[in-house]
Amino acid sequence: MLSKVFIFAALVALVFADERYGYDAEEDDHHHEPQPYHFGYHVKDHHGEQHREEASDGHGNVKGSYGFVDEKGVHREVHYVADDKGFRAEIKTNEPGTANQQPASVGFHSNAHEFLHLHEDVPEPHDAGYFH
């Protein structure tokens, strides 16, 4: 008997919750158009810098970038576009062990070789524990 009272009380609570909070199943049928947006940030501290920026025109087209520069000057910057032609990205970096390549329609532009000549104290990836 106690379980029947509990179930009844739960059903009554659900009915009143729908009315009190203004839930209307018909509202779920309305389609809301995409809205343009833009956001971004830039952070700089003793570890380096980080940034991100993205914008949409409200029609499914998005452009953005993000990246970092660490305290040793190693950097990576990713620029991307997502639109009716798909997702495309281009990466610019001087990270040790990288090279210019075009995998999966992603442009990867590295100047790691130039960076290593300027900064001889940068460890090789296998010495720094990057890959385990």
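Predicted model: local features only at pLDDT ≥ 70, side-chain atom pairs only at ≥ 80, totals over all residues.
Student: Let's start with Thr-93. Where is Thr-93 placed?

Tutor: Thr-93 is in strand β5, which covers residues 86-93.

Student: Is Thr-93 buried or exposed, and what makes it so?

Tutor: The relative accessible area of Thr-93 is 1%. Buried means under 20%, so Thr-93 is called buried.

Student: Which residues does Thr-93 touch, leaving out those up to four places away in sequence?

Tutor: Its contacts are His-75, Arg-76, Thr-98, Phe-108, His-109, Ser-110, Asn-111 and Ala-112.

Student: On to charged pairs. How many salt bridges are found in the whole structure?

Tutor: The search finds five.

Student: Why is the pair Lys-44 and Glu-49 called a salt bridge?

Tutor: Their closest N and O atoms are 3.9 Å apart. The cut-off is 4 Å, so this pair counts as a salt bridge.

Student: What about Glu-54 and Arg-52: why do they count as a salt bridge, and which of the two is buried?

Tutor: Their side chains meet at 2.9 Å, N to O, and that is within 4 Å. Glu-54 is the buried one, because its relative accessibility is 11%. Arg-52, at 29%, is partly exposed.

Student: And how do you know that Asp-83 and Arg-88 are partly exposed?

Tutor: Asp-83 has a relative accessible area of 21%, and Arg-88 has 31%. Buried would need a value under 20% and exposed one over 50%, so Asp-83 is partly exposed, and so is Arg-88. Their side chains also meet in a salt bridge, with 2.9 Å from N to O.

Student: Finally, what is the average pLDDT of the protein chain?

Tutor: The average is 77, and 61% of the residues score at least 70. Over residues 122-132, though, the pLDDT is below 50. Beyond near neighbours in sequence, that stretch has ten contacts in the model.

Technical notes:
Residues numbered from 1 in each chain as written. Heavy atoms only, no water. Helix = DSSP H or I, 4+ residues; strand = E, 2+ residues; numbered from the N terminus. Buried < 20%, exposed > 50% of the residue type's maximum accessible area, 1.4 Å probe, protein only. Contact = heavy atoms within 4.5 Å. pLDDT = per-residue confidence, 0-100.
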